[in-house]
Each structure stands twice: as structure tokens, then as C-alpha cells.
Amino acid sequence: MPERMNWTRGVLNYENFINLSAESQQKLCNLLPPTAFCTYQRTVDPTHPCLRRNSRSSGAGSMDVDTIPGPSSESSLNDLPERSPATLDPSIFTSSFFQSAALTFQDQLFSSWFSQKAKETQEKYERGVRDGTMHAEWKDEVWERENDVSSLTRNTHGTDLAGLAKRSLIKEGDMMVYKRTFSSCNVTVEKDLLVHFVNPQSHSLTLLLPPNVDRNLPPQLLVICPPEPKPPTLNTDGILSSVELEHEILETDGRVSRAERYTEINDMIKSRRTPLTSMLTHDPFDTAALATSAKAAKSLSVWRWREEMKAEIELQMIQERGGRELLGTIYHLRNS
């Protein structure tokens with residue numbers, strides 16, 4: 001900013017002004033406001049309260065300074081101060097207001113604000129505002145566009161998976177393998193899930209998963225740049241946490257009821273003689289799901305291609321999980 005200010009002062013100053021031709025000086029004077037000239041005199045509008053107060057107080061004991069003269073009712077454009085180089089106040093070039101306006105003008109020139117395209121855009125916007133077809137975006141609209149609101153508003157279980165995606169430990173094209181054994185009903189649920197998309201703002205996951213009790217996805221979806229999924233392959237989006245993911249998987253599998261899912265947490269509450277109401281918030285299901293996520297014995301593995309494998313489309317079609325290799329596994333262990 002100081003360098004720009006020095007440049008502006010070096011170009012727009014009184015010394016350069018007086019070196020211009022008389023015609024150019026007059027053209028510039030016509031662009032300046034009346035306050036830029038020595039002949040300017042401050043006036044007070046006739047409706048200003050101070051004039052009415054002074055007119056009431058004027059009398060034998062009043063002084064001349066008590067009266068503030070107002071403009072004559074016969075004033076016209078001819079009464080404006082003379083705008084000429086002879087009456088120009090040289091201090092206008094060092095005024096902070098003038099310098100600020102000069103910097104704004106410089107920025108507008110740099111950003112092509114005065115170009116024909118910019119003028120057309122401005123005219124289109126003004127027409128849209130007048131006829132009601134266009135308006136500036138509300139701050140809420142901009143925020144909702146830049147954030148995955150649907151997933152953020154429904155999430156009550158944390159963002160452990162979104163945190164992994166933010167650190168690139170989960171990427172688009174990875175496979176996630178879920179496995180959990182329910183001892184209460186002697187059922188093991190295992191599913192392969194494909195990370196179809198990672199939201200760049202909220203880092204929520206869009207996953208493809210097989211239907212019903214199926215474990216594996218179709219081979220054509222396991223290659224790099226797969227086609228769009230078709231039924232019966234399912235799609236679930238906005239996943240931020242492992243609790244949300246588990247809920248979607250178990251609802252799809254359908255072999256384990258909600259009551260059987262939370263048998264362990266109910267037993268924990270009874271064994272500790274903890275009143276159920278002391279552990280619940282506004283939603284009992286959310287509380288039970290969150291507690292079960294910490295207590296359950298389950299695993300979540302991430303599988304990813306090596307760089308040299310990404311070009312081997314034929315091998316991806318025939319190898320398990322598209323030729324991806326195990327990157328790491330998260331184990332959720334019982335701690336009671």
C-alpha cells in the first residue's frame with residue numbers, strides 16, 4: 001500500500017497539473033467537486049434547525065456571529081463557484097479523500113472495470129434488479145453452496161470418517177470393508193464399499209454398496225474410472241462418521257434388528273445400574289448408536305491401488321477388490 005500511494009502521489013500532483021495545457025487543466029477542473037476550489041463557501045440549508053433557532057433568538061442583544069446566512073432563494077447554477085485553474089486549491093492533491101479515490105480508480109483500471117464487457121455485465125445486473133429476475137446472493141445461500149448442509153445438519157455422531165478423508169487416509173476410488181459379528185444372533189455382517197465421491201468442503205463420503213446380504217460389488221465397478229452404478233447397487237451419501245456408516249450397512253443387510261444391535265449397550269447400562277434417562281439426550285437412538293459404536297467389536301479396512309496398478313484395467317477386472325491392497329484397518333474393540 002505505501003508503494004502504491006507513493007506512485008499515485010508521483011503522478012497525480014499539483015506540479016504535474018500546472019505543466020498541462022490550459023485546455024487540459026480546464027477539463028480536469030470541470031471534473032472536480034466545488035470543494036476543490038478556493039472560492040467555495042460553506043452554506044447551511046434553510047431547513048436546518050440552527051437557522052430557525054437563530055431567527056428566534058435574534059434581537060437587540062444578538063451578535064453578528066449568531067446568524068448563519070443561508071443560500072438565496074434565487075440561487076441558480078450561475079451562483080456555483082468558478083471552476084478554473086486559477087481558483088483551484090493545490091491541497092486537493094494531498095487530501096486523503098483524493099488519494100483514496102485515486103487508489104480506487106487505479107484498482108478499477110487494473111480489474112478492467114471500465115471495459116465494455118464489464119459495462120455490459122453491470123447493465124445486465126441492473127436490468128435484472130429492476131425487473132426482479134436477478135439479485136445478489138444472500139450470505140446463507142453462499143454458505144450452503146460451499147458446505148454440505150444436508151450431511152452437517154443430520155450428523156450427531158462425530159466426524160471420524162470425514163477426518164480420515166480430510167487427511168487423505170480415505171480417497172475417492174478406495175474400498176472400505178466393514179465386518180462385525182453379532183454374538184446375540186450369531187450373525188456376521190461383512191460388506192465391501194466403494195468410495196465414489198469425497199465432498200471437498202465437508203469431506204463427507206458418497207459410497208456404493210451391494211444390496212441385501214451381498215458382500216461384493218460388481219467387477220465392472222472395481223476398475224479405475226468405473227461407469228455409473230446401476231440397480232441393484234445402492235448409493236449412500238453424506239456419510240461423516242462410522243456410526244452413520246454402520247447404520248446404513250445394517251439397514252441394508254436387514255438380518256440384525258435394531259433391538260439386537262443394541263443388546264450390548266442395554267446390558268452395559270443394566271450392569272452399571274445407570275438410569276437410562278441419564279444417558280439419553282433428545283434422541284434415544286442417537287445415544288444408543290453412539291455408545292454402541294464405542295463398545296462394538298468390529299473392523300473397518302481401507303484398500304487402495306498402488307500407482308503401477310492403476311493402469312492395469314484387465315487385472316483390475318479379475319482380481320479381488322479390483323487389485324487394491326490393504327492400506328490399514330481400524331478395530332473397534334469392547335472396552336467394558
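This briefing describes selected features of the structure shown above. The model is a predicted one. Strand 3, which spans residues 205-209, is mostly covered, and antiparallel partners are joined to strand 3 by four bridges in the case of strand 2 and by four bridges in the case of strand 4.

- Five of the five residues of strand 3 are buried.
- In a regular strand, side chains alternate between the two faces of the sheet.
- Leu 205, Leu 207 and Leu 209 point one way from strand 3, while Thr 206 and Leu 208 point the other way, and all are buried.
- Strand 2 comprises residues 187-198 and runs antiparallel to strand 3, with four bridges joining the two.
- Strand 4, made of residues 234-239, is likewise joined to strand 3 by four bridges in an antiparallel arrangement.
- Leu 207 has a residue opposite it in each of these strands: Val 195 in strand 2 and Thr 236 in strand 4.

**Loops around the strands**

- Six residues lie between the strands in the hairpin of strand 2 and strand 3, where His 203 takes a positive phi near 60°.
- Asn 186 is located in the loop between strand 1 (175-182) and strand 2. Its phi is near 55°, a positive value in a residue other than glycine.
- Asn 186 is exposed, because its relative accessible area of 72% lies over the 50% cut-off.
- The loop between strand 3 and strand 4 contains Cys 225, which has a positive phi of about 55° although it is not a glycine.
- Cys 225 has a relative accessible area of 71% and is therefore exposed.
- Pro 232 also belongs to the loop between strand 3 and strand 4. A cis peptide bond, with omega of about 10°, joins Pro 231 to Pro 232.

**Nonpolar surface patch**

- Phe 105, Leu 109, Trp 113 and Phe 114 make a nonpolar surface patch of about 420 Å².
- Phe 114 counts as partly exposed because its relative accessibility is 39%.

**Second largest pocket**

- The second largest pocket holds about 240 Å³ of space.
- Its lining includes Val 11, Leu 12, Asn 13, Asn 16, Phe 17, Leu 20 and Leu 28. Leu 31, Leu 32, Leu 88, Phe 93 and Phe 98 are also among the lining residues.
- Helix 2 (14-18) and helix 3 (22-31) each contribute at least two residues to this lining.

Key
Residues numbered from 1 in each chain as written. Predicted model: local features only at pLDDT ≥ 70, side-chain atom pairs only at ≥ 80, totals over all residues. Heavy atoms only, no water. Buried < 20%, exposed > 50% of the residue type's maximum accessible area, 1.4 Å probe, protein only. Pairing = 2+ DSSP bridges. Patch = residues over 30% accessible without salt bridge, like charges linked within 9 Å, V, L, I, M, F, W, Y side chains within 5 Å. Areas by Shrake-Rupley, 256 points an atom, 1.4 Å probe, with all protein chains shown as cover. Salt bridge = Lys/Arg side-chain N within 4 Å of Asp/Glu carboxyl O. 1 Å grid on protein atoms, 1.4 Å probe; cavity = no way out; pocket = protein on both sides within 12 Å on 5 of 7 lines; lining within 4 Å. Points joined across faces, edges and corners; volume = space filled by probe spheres on them.
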